[in-house]
Amino acid sequence: MPDSDAQIHAALDGRKSSAEKEKIVRRLPPESGLDAIGVRMKEVFDTAKEWTDLDLAGVQGLLSSRWYEMRMVGVSILDFKARQRGLGDDARRPLYEIYLDNHEFINVWDLVDRAAPRVIGWYLLDKSRQPLFDLARSDRAIERRTAITASFWLIRQGDLDDPLKLAELLLDDSSELVAKPVGTALREVGKIDQQRLLDFLAIHRDRMSRPTLRLATYLLP
């Protein structure tokens, strides 16, 4: 184990509790192959913030760890790096690439949600969105989740066209991993332009699953 991995694991180990471990283990998908140390999310994020300057080789080691919290530290470091002011493409592209190159390890919904908007969405803000559409057509639901969750950043910047196209593409998705963030994306579109959401609902309402529709219309009168 590299020194950084050992130090981060030791920091997390000092913040663990058996009760928290039980809660985390219960919600981890069995197919994830992950175990839990037992650390509250706030303390995981605090640990990640302390290690924001870790190099990307060190982050890659975290992402491939068998410990859920170590992976969460890894994606959180990517997110904290992506938030840094004045970051250009030369600095953003490696964050984007390490996320996609290690997607097999970003295999739980909250690992995706922690980093996809700023690490993937922000990088693609001024670029072709084809990578998002490629992810949206993936056989893996977790990759399809990355596609729609990354679009949250586009929506936040008022860029609604591609997020709506992604939502339409994923409306028939049978996975809850995808259906819920599609609804969330539509709800966020409605915050920017309620009429665009209403127009979308008028056309596609009958195709939408109940979780998607409930989330999409949550803020509507």
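Q: At what angle do H5 and helix H7 (residues 109–121) pack?
A: The model examined here is predicted. In it, the axes of H5 and H7 lie 8 Å apart. The angle at which these two helices pack is about 15°.

Q: Are H5 and H7 roughly parallel or roughly antiparallel?
A: The packing angle of H5 and H7 is about 15°, and angles under 35 degrees count as roughly parallel. H5 passes H7 in a left-handed crossing. The relation of H5 to H7 is therefore roughly parallel.

Q: Which residues in H7 meet H5?
A: From H5, the contact draws on Tyr68, Arg71, Met72, Val75, Ser76, Leu78, Asp79, Phe80 and Ala82. By class, the contact of H5 with H7 has nine nonpolar, one polar and five charged residues. On the H7 side, the residues are Asp110, Leu111, Arg114, Ala115, Arg118 and Val119.

Q: Which residues in H6 meet H5?
A: H5 passes H6 in a left-handed crossing. Leu78, Lys81 and Ala82 are the H5 residues in this contact, which by class has five nonpolar, no polar and two charged residues. Their counterparts in H6 are Arg92, Leu95, Ile98 and Tyr99.

Q: How many salt bridges does a search of the whole structure find?
A: Side chains of opposite charge can pair when their charged atoms come close. Among the residues joined by such bridges are Arg15 and Glu50, as well as Lys23 and Glu20. The search of the whole structure gives a total of 23 salt bridges.

Q: How many residues apart in sequence are the parts that Arg15 and Glu50 tie together?
A: The side chains of Arg15 and Glu50 meet in a salt bridge, with an N to O distance of 3.4 Å. Arg15 belongs to the loop between helix H1 (3–13) and helix H2 (18–27), whereas Glu50 belongs to helix H3 (residues 41–50). Arg15 is partly exposed at 29% relative accessible area, and Glu50 is exposed at 52%. The separation in sequence is 35 residues.

Q: Is Glu20 buried or exposed?
A: Glu20 forms a salt bridge with Lys23, the closest N and O atoms being 3.3 Å apart. The two are three residues apart in helix H2, which means a separation of about one helical turn. Lys23 is partly exposed, at 45% relative accessibility. The relative accessible area of Glu20 is 14%, and values under 20% count as buried.

Q: Which residues do salt bridges that share partners join into one network?
A: Arg187 is partly exposed, at 21% relative accessible area, and forms a salt bridge with Glu188, with the closest N and O atoms 3.0 Å apart. Elsewhere, salt bridges that share partners join one network, whose members are Asp79, Arg83, Arg114 and Arg118.

Q: How many Å apart in space are Ser209 and Ser174, C-alpha to C-alpha?
A: Ser209 lies in the loop between helix H12 (194–204) and helix H13 (210–216). The relative accessible area of Ser209 is 24%, a partly exposed value. Ser209 and Ser174 are 35 residues apart in sequence. Their C-alpha to C-alpha distance is 8.5 Å.

Notes: Residues are numbered from 1 along each chain as its sequence is written. This is a predicted model: local features need pLDDT of at least 70, side-chain atom pairs count only at pLDDT 80 or more; totals for chains, interfaces and linings use all residues. Side-chain values use heavy atoms; hydrogens and water are left out. A crossing is left-handed if the near helix is turned anticlockwise from the far one by less than a right angle, and right-handed if clockwise. Helices (H or I, at least four residues) and strands (E, at least two) are DSSP runs, numbered from the N terminus. Contact means heavy atoms within 4.5 Å. Ala, Val, Leu, Ile, Met, Phe, Trp, Tyr, Cys and Pro count as nonpolar, Asp, Glu, Lys and Arg as charged, and the others, Gly among them, as polar. Axes are lines fitted to C-alpha atoms, for helices over the stretch in contact, and angles run from 0 to 180 degrees between N-to-C directions. Angles under 35 degrees count as roughly parallel, over 145 as roughly antiparallel, 65 to 115 as roughly perpendicular and the rest as oblique. A salt bridge is a side-chain nitrogen of Lys or Arg within 4 Å of a carboxyl oxygen of Asp or Glu. Buried means under 20% relative accessible area, exposed over 50%, partly exposed in between (1.4 Å probe, protein chains only).
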